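Colleague: Could you please describe one part of this structure closely, and set it in its wider context?

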Amino acid sequence: MEWFLANSPMVFERAGQHLVLALVPMVLGLLISIPLAQFSRRHSALRQLVATVSSLLYTIPSLALFIILPPLLGTRILDPLNVIVALTIYAVALLVRAAMDAFDSVDDDLRQAAVAMGYKPAARFLQIDLPLSLPVMFAGLRVVSVSNISLVSVAALLGVGNLGMLFTDGLQRNFVTEVVVGIIAILLLAVVMDALLVILERVLTPWTRAGSVKPDAHAQSGAAFIADAKVHAGAGS
Amino acid sequence: MNIFTETFAWLADPLHWSGPGGIPVRLLEHLQYSGLVLIIAAAIAVPVGLYIGHTGRGRVVAVAVAGALRALPTLGLLVLFALVAGSGLMPPVWALVILTVPPLLAGTYAGISSVDSNVVDAARAMGMKELQVLFGVEVPNGLLVMFGGIRTAVLQVIATVSVVAYLPLGGLGRYLFDGLVLQDFPRMLAGSLLIAALAMVVDLVLAAVQRLVVSPGLSARSKGGRKAATDFSAAAPAAAAVQGGTA
């Protein structure tokens, strides 16, 4: 605790770097995945291809990807851009499948009703498909958030600044306190991000709890968890 | 010379394929660490997952614990175990076990609970004992989903074992960290490519095993039913995710 108080500016700076490295890929991944999923969902051959490629990309270990990317991107090994690109790849690999599932979860009758009411395709997508797919989409986003926050720390091994540096530094100096502070800080980041995503989901999907009892937080984290376990379930077949 | 030609020159060099630091030895170390972790983790996660999936007891606790474990940073846990429990093989192995139990447990549990409850009830009505229901009905029917968890866990272990070289132990990760220290980028890149290739090959092997073991009726391979089955496998995760959220 004393160590933390003495070094809190450093820890907060590292936490800031950590958050940027974890969040930017999540947002980029979402922005890439939604159009990709919407487009490939309608062509079964493309859908198969997207599913195969995304599960293949997902198999590449992060540490290896952080090193394979620099010569491909023309960046230096210390460049945070490598981390952002690598984590964006993972985010897309996970979210494109989640987004396809999310759009599939929208009741087709609702789509047809919207068409009958005169919705143009773009308006129908933005006002019907997208909002109704949010619950499944958020399950995917929560998985990405937790896994990104954990993966960013691996980049510290190569010298990219983030909370993972507390681990490498702690090991070199044989200083357990620093490692424990790092673990707690990362756990806190993950928990806070997850809570923010849950709140955001509730704000964006008010209809899901209309007339229902208070949703069980544990069951919800279970949903994200199962979504994670299923990333490969469909892919291998 | 281009970085890729240098890397392939490094990979093609016979010197790097023999001796105690050679690729075959490192590969074997990598597989040994991964196998050890997986065996210990499976011995813990599979029975617990089967029990929770079958009885539905302890579900909330298991999901909460597994979720919390999942947020633990891999690197932090490895370093913590190395510092507290000292050097050697077992501290990092135990750290890896802690990280591997959640996906295995979730996969097992999700697989068992994904089985249609009507099927389970029918099995009971036919007079099957609980263990027969579990191993004769629930496990075969839940196998496709269980494989999802197994493959996630295996990939995670292979990826994380690369980090173990930092502690320092063996495995293919050695090339990354030795290369980093020596500013030898072709060596780092070669090591990374080997790790990525290993992960892909192992995942392919598991996919092949999955095809062999999982009933054709579940895995969208049966002729004629292909289209319908594909649609089902795509809709299943969404359905499970939604169910998990409202149950």
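**Chain B and a helix pair in chain A**

Modeller: Among contacts in chain B (C-beta atoms, placed from the backbone, within 7 Å) between residues at least 6 apart in sequence, 69% link residues at least 24 apart. This is a predicted model, in which local features need pLDDT of at least 70 and side-chain atom pairs pLDDT 80 or more, whereas totals for chains, interfaces and linings use all residues. Residues are numbered from 1 along each chain as its sequence is written, with chains lettered from A and ligands numbered from 1 in the order written.

B:Pro168 lies in the loop between α7 (130-164) and α8 (173-182) of chain B and counts as partly exposed because it has 13 C-beta neighbours inside 10 Å. Its C-alpha atom is 9.0 Å from that of B:Gly88, 80 residues away along the chain.

In chain A, helices α4 (residues 80-104) and α7 (residues 134-152) pack at about 160°, with axes (lines fitted to C-alpha atoms over the stretch in contact; angles from 0 to 180 degrees between N-to-C directions) 9 Å apart. The two are therefore roughly antiparallel (over 145 degrees). Residues making this contact include A:Leu87 and A:Ala91 of α4(A), and A:Val143 and A:Asn148 of α7(A).

Note on methods:
Helices (H or I, at least four residues) and strands (E, at least two) are DSSP runs, numbered from the N terminus. Angles under 35 degrees count as roughly parallel, over 145 as roughly antiparallel, 65 to 115 as roughly perpendicular and the rest as oblique. Two residues are in contact if their C-beta atoms, placed from the backbone, lie within 7 Å. A residue is buried if 20 or more other C-beta atoms lie within 10 Å of its own, exposed if 12 or fewer, and partly exposed in between; C-beta atoms are placed from the backbone.
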